[in-house]
Structure formats: C-alpha cells, structure tokens
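Me: I would like to go through a protein structure by question and answer. Please show the sequence and the coordinates before we start.

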Amino acid sequence: SDMAIPWVAPVRHILEAMNYLNFDLDVIQVGCLVTPLPVIKYAFRAAGAFLFIGLVLLVHVVRVLFSRQRREKTIAQAFREKNVALVAAVGNVFVMFLTPMVVASILPLTCVMHPNDKRTVQAYPIILCNYSGDHIGFVVIGLVCMAAPLGFVA
C-alpha cells in the first residue's frame, strides 16, 4: 500500500511526523502491548480526527469556564463570545485531517486479488472483501466517517 522512496533527511522527518495524522495504531506500535482487532484498529484510524475534535472541544470548554472575563458574564454569554474561536479551531482540524479521513474512509473499498481468487482489504490482509462479517463493519465505519469530510467540503 505504501511506496518506499528513499527521501533525504529534512523531507523524511516531515513525512514521518505527518504519518501520525493517520491515527494508525501500527505507527505508535500498540501491538507491543496488546493486539487490537482489525476493526478496532480501523475504527481508530477512521475516527481519529473526531477524537482530536473532542480534545479541542474539551480545551475550549475549560478555557471559557476558567477565563478571567467569564466572571462578569453568564456562562451562555461567555460561550457565545468564544464561539468564533471554536468554529475556527474545528475548521482547522478538519482541514488538517481532511486527506487522512478520506483515505481511511475508502480503505475498505481498496481490495487486492489473490491467486486463490479471494480478495482482501489491501491495508488489512486478514479481512476478506466480501461485504459480510468484518468487512461490512469496515464499510459501515468508512461510510459514517466519510460523512464528515463530505459535509465539510460541501
């Protein structure tokens, strides 16, 4: 699935850092501690941006609740005033994770044929491309996670 190109030092380091945006559990080598199911690995990869958006929301709520200016206002007024910052932050997260989300969403649809006439998901060779069992779970997760990038682009 990945091409091996011998990049020089500055570009190689940037690409390695960008690899973390994929939320691929193999990048952080979780397999050393526990072996997650392929569906769990894929769900984390496909929905990783939503976890990051949750973190942005948590930071926003803490910032609004504990800001100095909030003491003179109601909570609703404080949130209304900081709403623009939240929308901008979530928009930036979507821009940053747009390509990884789309790539992760279409992973269940990229199948490879084997000599025994069976097709498997290219990134997860243990999963058969037969739209049943684990593969249908992959496809459903991919379609649900594709709604966010499509909504953002539209």
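This is a predicted model: local features need pLDDT of at least 70, side-chain atom pairs count only at pLDDT 80 or more; totals for chains, interfaces and linings use all residues.

Me: Which residues does the disulfide join?
Reply: The structure holds 1 disulfide. Two cysteine sulfur atoms within 2.5 Å count as such a link, and here the S to S distance is 1.9 Å. The residues joined are Cys-111 and Cys-129.

Me: How many residues apart in sequence are the parts that the cysteine pair ties together?
Reply: One end, Cys-111, lies in strand β1, residues 111-113. The other end, Cys-129, is in the loop between β2 (119-121) and α5 (134-153). The pair therefore ties together parts whose separation in sequence is 18 residues.

Me: Is the link of Cys-111 and Cys-129 left-handed or right-handed?
Reply: The handedness goes with the angle about the S-S bond, given as -95°. The link of Cys-111 and Cys-129 is left-handed.

Me: Does Cys-129 count as buried or exposed?
Reply: Buried means under 20% relative accessible area. Cys-129 has a relative accessible area of 9%, so the term for Cys-129 is buried.

Me: What does Cys-145 count as in terms of accessibility?
Reply: The cut-off for burial is under 20% relative accessible area. Cys-145 has 5% relative accessibility, so Cys-145 counts as buried.

Me: How is the aromatic pair of Tyr-42 and Phe-138 arranged?
Reply: The structure holds 4 aromatic pairs, and Tyr-42 with Phe-138 is one of them. The ring centres lie 4.8 Å apart, with 10° between the planes. Planes under 30 degrees apart are classed as stacked, so the arrangement of Tyr-42 and Phe-138 is stacked.

Me: Which helices does the pair of Tyr-42 and Phe-138 link?
Reply: Tyr-42 and Phe-138 are 96 residues apart, and the pair links distant parts of the chain. Both Tyr-42 and Phe-138 are buried. Tyr-42 belongs to helix α2 and Phe-138 to helix α5.

Me: Which residues do ring pairs link into a cluster?
Reply: Tyr-42 and Phe-138 form a stacked pair. The cluster linked by ring pairs consists of Tyr-42, Phe-138 and Tyr-124.

Me: Which helix gives the largest share of the nonpolar patch?
Reply: The surface patch includes Leu-55, Leu-58, Phe-66 and Ile-75, and its residues together have about 710 Å² of accessible area. Leu-55 has 44% relative accessibility, so Leu-55 counts as partly exposed; its place is in helix α2. The largest share, 6 residues, comes from residues 38-65, which is helix α2.

Definitions and conventions. Residues are numbered from 1 along each chain as its sequence is written. Side-chain values use heavy atoms; hydrogens and water are left out. Patches are made of residues with over 30% relative accessible area and no salt bridge: like charges are joined within 9 Å, nonpolar side chains (Val, Leu, Ile, Met, Phe, Trp, Tyr) within 5 Å. Accessible areas come from the Shrake-Rupley method with a 1.4 Å probe; for residues, only the protein chains shown count as cover. A salt bridge is a side-chain nitrogen of Lys or Arg within 4 Å of a carboxyl oxygen of Asp or Glu. Helices (H or I, at least four residues) and strands (E, at least two) are DSSP runs, numbered from the N terminus. Buried means under 20% relative accessible area, exposed over 50%, partly exposed in between (1.4 Å probe, protein chains only). Rings of Phe, Tyr and Trp (its six-membered ring) pair if their centres lie within 6.5 Å; planes under 30 degrees apart count as stacked, over 60 as edge-to-face and the rest as tilted.
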